[in-house]
Amino acid sequence: MMLASVSVSRSKLCPLFWMRVPAGFPSPAQDAVQEPLDLNSYLIDHPAATYFVRVTGDSMQGAGIHEGDLLIVDRSISVRQNQIVVASLDGEFMVKRLVWHAQQVQLVSENPKYSPIKVRSSDFSVWGVVRHVIHEVC
């Protein structure tokens with residue numbers, strides 16, 4: 001996996017509107033109070049332990065992760081059951097849900113056409129927990 005360095009110190013502040021936009025029926029107009037929003041501070045809790053990676057493939061589409069999406073991954077978070085992680089298994093990197101049952105670790109896809117991967121190798125490591133997914137909608 002090739003990691004590219006991304007500076008989180010250069011911030012471009014964009015406005016954040018206090019009103020929420022309903023996804024159902026329209027609501028009456030509200031005052032559009034705004035404040036500056038730094039996406040680095042909003043999305044990244046641990047800058048020194050955070051990296052970005054692009055997704056390839058369709059194995060995580062059930063979790064809302066699609067081909068070309070940008071993942072924000074934090075290496076400082078302790079891994080818990082059912083979290084989505086970036087992992088390395090036998091030198092191959094992948095994004096999967098980490099699940100374990102009675103001493104058996106599995107990397108589980110969120111697409112029914114892919115079977116869970118049982119981790120039987122000692123060449124396994126978690127490279128971080130996926131904190132956010134950024135993707136285009138059109």
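Q: What share of the contacts with a separation of 6 or more joins residues 24 or more positions apart in the protein chain?
A: A contact means heavy atoms within 4.5 Å. In the protein chain, 52% of the contacts with a separation of 6 or more are between residues 24 or more positions apart. This is a predicted model, in which local features need pLDDT of at least 70, side-chain atom pairs count only at pLDDT 80 or more, and totals for chains, interfaces and linings use all residues. Residues are numbered from 1 along each chain as its sequence is written, and side-chain values use heavy atoms, with hydrogens and water left out.

Q: Which elements does the protein chain have, and in what order do they run?
A: Helices (H or I, at least four residues) and strands (E, at least two) are DSSP runs, numbered from the N terminus. The protein chain has one helix and nine strands. Their order from the N terminus is β-β-α-β-β-β-β-β-β-β.

Q: How do the strands form a sheet?
A: Two strands pair if DSSP finds at least two bridges between them. Here seven strands form an open sheet with antiparallel pairing, in the order β3-β4-β9-β5-β6-β7-β8. At the edges stand β3 and β8 (117–118), each with a single partner strand, so one side of each has no neighbour in the sheet.

Q: What is the bridge partner of R97 in β7?
A: The partner is V108. β6 and strand β7 (residues 104–108) pair in the antiparallel sense over five bridges. Their hairpin also has two residues between the strands, with A102 at a positive phi near 40°.

Q: Where does H46 lie, and with which residues is H46 in contact?
A: H46 lies in the loop between α1 (39–43) and β3 (50–54). Leaving aside neighbours within four places in sequence, H46 is in contact with D74 and S76. H46 and V73 are 27 residues apart in sequence, and their C-alpha atoms are 9.9 Å apart in space.

Q: How much space lies in the largest pocket?
A: On a 1 Å grid over the protein atoms alone, a pocket is an open set of points where a 1.4 Å probe fits, with protein on both sides within 12 Å along at least five of seven lines; lining residues have an atom within 4 Å of a point. The largest pocket holds about 380 Å³ of space. Its lining has 21 residues, and V55, T56, F93, M94 and V95 are the closest to its centre. The elements giving two or more residues to this lining are β3 and β6 (92–101), and β6 gives the most, with five residues.

Methods: Points joined across faces, edges and corners; volume = space filled by probe spheres on them.
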